[in-house]
Amino acid sequence: MPITLRPMTDDEYTVFRSRLVAGYAADIAQADAISADAALVEATKQTDELLADGIHTDGQLLFTAVDDDGQAVGVLWLSTRAPRNQSGGWIYDIEVDEAHRGKGYGRELMLLAEQECRQLGLRTLRLNVFGPNVAARRLYESLGYEITSQNMAKQLD
């Protein structure tokens, strides 16, 4: 079943932002080995800076992915500006709702993000994926994404 993108509504954004900050904070805490409280502060700060005007923030495109029945199945946060002055678009978040995983929607969302970038004249699409997210890494690699930088760590006892 194919999916399409539509702009995220204000109500959807409120739910998305809450889930985004919580999930990002958990990723930061694990990746940086910091407390959950410190990670939540950092995740909130970064989100507030990047999405200062919510769904109306210039250069930030927030979409809801819907199936043929109009049911929301996921979200995409696509920026027309990559961090660190890199050229191209940047995926800050891509999610398929848990109830809809395993149906190929993640792949379709990625292809729709690429299509959106092409329509905007962007020639590169970049993203970050945390190391433990093996399923996402495999998906991105299967679509031709390559590692451009990599952080590594070892816990010492």
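Residues are classed as buried at under 20% relative accessible area, exposed at over 50% and partly exposed in between (1.4 Å probe, protein chains only). The model is predicted, with local features requiring pLDDT of at least 70 and side-chain atom pairs pLDDT 80 or more, whereas totals for chains, interfaces and linings use all residues. Residues are numbered from 1 along each chain as its sequence is written, and side-chain values use heavy atoms, without hydrogens or water.

Helix 2 comprises the 15 residues 36–50 and reaches 21 Å from its first C-alpha to its last, close to the 21 Å expected at 1.5 Å a residue (1.5 Å times one less than the number of residues); helices are DSSP runs of H or I of at least four residues, strands runs of E of at least two, numbered from the N terminus. Ala39, Ala43 and Thr47 are its buried residues. Viewed down the axis of helix 2, these fall within an arc of 60° and therefore line one face (the arc is that of the directions from the axis to the C-beta atoms). On the other side of helix 2, Asp37, Val41 and Glu49 are exposed.

Helix 1 (10–32) is included in what covers the buried residues of helix 2, contact meaning heavy atoms within 4.5 Å. The axes of helix 1 and helix 2 come within 8 Å and cross at roughly 130° (lines fitted to C-alpha atoms over the stretch in contact, with angles from 0 to 180 degrees between N-to-C directions). Helix 1 is therefore oblique to helix 2, angles under 35 degrees counting as roughly parallel, over 145 as roughly antiparallel, 65 to 115 as roughly perpendicular and the rest as oblique.
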